[in-house]
Amino acid sequence: MKPLVVANWKMHKTPADAVRFVHELLALRPDPEQADAVICPPFVALSAVGDALGDVPIGLGAQQMHWADSGAFTGQISPPMLVACRVRWVIIGHSECRAYSGETDASVNRKVGAALAHGLTPIIAVGETLEEHAAGAAHDRVVAQIRAAFAGYTPAEVARSVVAYEPIWAIGTGKVDTPPGADATMGAIRAAVDGLQSVRILYGGSVKPDNIAAFVRQQHIGGALVGGASLEPVSFAALIGNAGKGVAA
Ligand code: PGA
């Protein structure tokens with residue numbers, strides 16, 4: 001399957017910065033045959049990025065959302081609001097949301113259903129801490145997270161999702177899991193829930209243009225969720241091109 005490269009910009013770029021990025025990226029002519037690409041800007045830049053992308057086959061994603069359609073939830077953004085901004089993808093359960101914004105396995109589960117109900121593809125992020133990793137508990141941790149995320153959903157619904165395995169200790173640290181190590185954990189994820197057998201599972205955590213191919217080459221790794229290295233157009237274009245080389249190798 002064609003790899004998927006998702007840019008998670010986190011709290012970076014104003015709408016003007018984001019539009020400049022899109023123009024510079026498109027000038028580099030990233031090859032859509034190499035990989036599917038999705039950009040997840042901050043909420044306030046979604047519309048501007050959607051306009052700048054126009055008909056270019058690069059997806060637009062959100063980094064977070066609420067599960068309710070509307071209501072008294074100050075500061076929150078709903079699935080229909082995202083759809084109205086032409087968003088088609090949404091990251092759910094990022095470790096930074098779990099750590100700083102009260103995201104739990106239970107809220108992730110509700111958001112997965114809300115995303116699917118509104119035609120959004122959820123990118124469900126799971127990952128273990130350094131302590132869990134050192135204790136040999138990574139597989140148990142991520143399997144528990146992924147079962148909780150999909151509890152109550154049919155295999156057909158599960159199959160409409162994407163999973164991102166991001167060891168927390170690898171995010172923004174420059175440390176990466178070994179490609180075979182990440183692949184083994186992703187194999188455990190794939191086996192944990194009916195319906196995950198055919199979905200793309202992304203690796204995340206300090207992915208760069210020079211290491212993405214080694215990850216994508218692994219059996220269970222269908223692309224990458226990229227933070228820091230997705231912020232520059234040249235780097236993001238290289239991630240797209242090199243992800244394709246991983247598949248071709
Ligand atoms: P990073 O972030 O690529 O900067 O490590 C990845 C992520 O948090 O999704």
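These legends go with several close-up views of one predicted model. In this predicted model, local features need pLDDT of at least 70 and side-chain atom pairs count only at pLDDT 80 or more, while totals for chains, interfaces and linings use all residues. Residues are numbered from 1 along each chain as its sequence is written, and side-chain values use heavy atoms, with hydrogens and water left out.

View 1. Let's start with S1, residues 4–8. Helices and strands here are DSSP runs (H or I, at least four residues, for helices; E, at least two, for strands), numbered from the N terminus. Five of the five residues of S1 are buried, so the rest of the structure largely encloses this strand. "Buried" means under 20% relative accessible area, "exposed" means over 50%, and "partly exposed" is in between (1.4 Å probe, protein chains only). In a regular strand, side chains alternate between the two faces of the sheet. You can follow that here: Leu4, Val6 and Asn8 point one way from S1, while Val5 and Ala7 point the other way.

**View 2. The partners of S1.** Which strands pair with S1? Two strands pair if DSSP finds at least two bridges between them. S1 and S2 (residues 36–40) run parallel and are joined by five bridges; look for alanine 7, whose bridge partner in S2 is isoleucine 39. S1 also runs parallel to S8, with four bridges joining them. Here valine 6 has leucine 225 of S8 as its bridge partner.

**View 3. Strand S8, covered on both faces.** S8 takes in residues 223–226. Gly223 and Leu225 sit on one side, Ala224 and Val226 on the other, and all are buried. S8 also pairs with strand S7 (residues 201–204), in the parallel sense, over two bridges. Leucine 225 turns up again here, with glycine 204 standing opposite.

**View 4. The loop between S1 and H1.** Lysine 10 lies between S1 and helix H1 (15–27), and its phi is positive, about 55 degrees, although it is not a glycine. With 22% relative accessibility, lysine 10 counts as partly exposed. Lysine 13 belongs to the loop between S1 and H1 too; its phi is near 85 degrees, again a positive value in a residue other than glycine. Its relative accessibility is 21%, so lysine 13 also counts as partly exposed.

**View 5. Helix H1 and its buried side.** How far apart are the end C-alpha atoms of H1? They are 18 Å apart, which agrees with the 18 Å that its 13 residues should span at 1.5 Å a residue. (The expected span is 1.5 Å times one less than the number of residues.) The buried residues of H1 are Ala18, Phe21, Val22 and Leu25. They cover an arc of only 100 degrees around the axis, which puts them on the same side of H1. The arc is that of the directions from the helix axis to the C-beta atoms. Just after H1, arginine 29 has a positive phi of about 50 degrees.

View 6. An α-helix has 3.6 residues a turn, so residues three or four places apart point the same way.

**View 7. The largest pocket.** A pocket, on a 1 Å grid over the protein atoms alone, is an open set of points where a 1.4 Å probe fits, with protein on both sides within 12 Å along at least five of seven lines; lining residues have an atom within 4 Å of a point. The largest pocket holds about 320 Å³ of space, a volume being the space filled by probe spheres set on the points, which are joined across faces, edges and corners. Its lining has 14 residues, and Lys10, Met11, Gln63, Gln64 and Cys97 lie nearest the centre. Helix H4 (residues 95–100) gives the most to this lining, with three residues.
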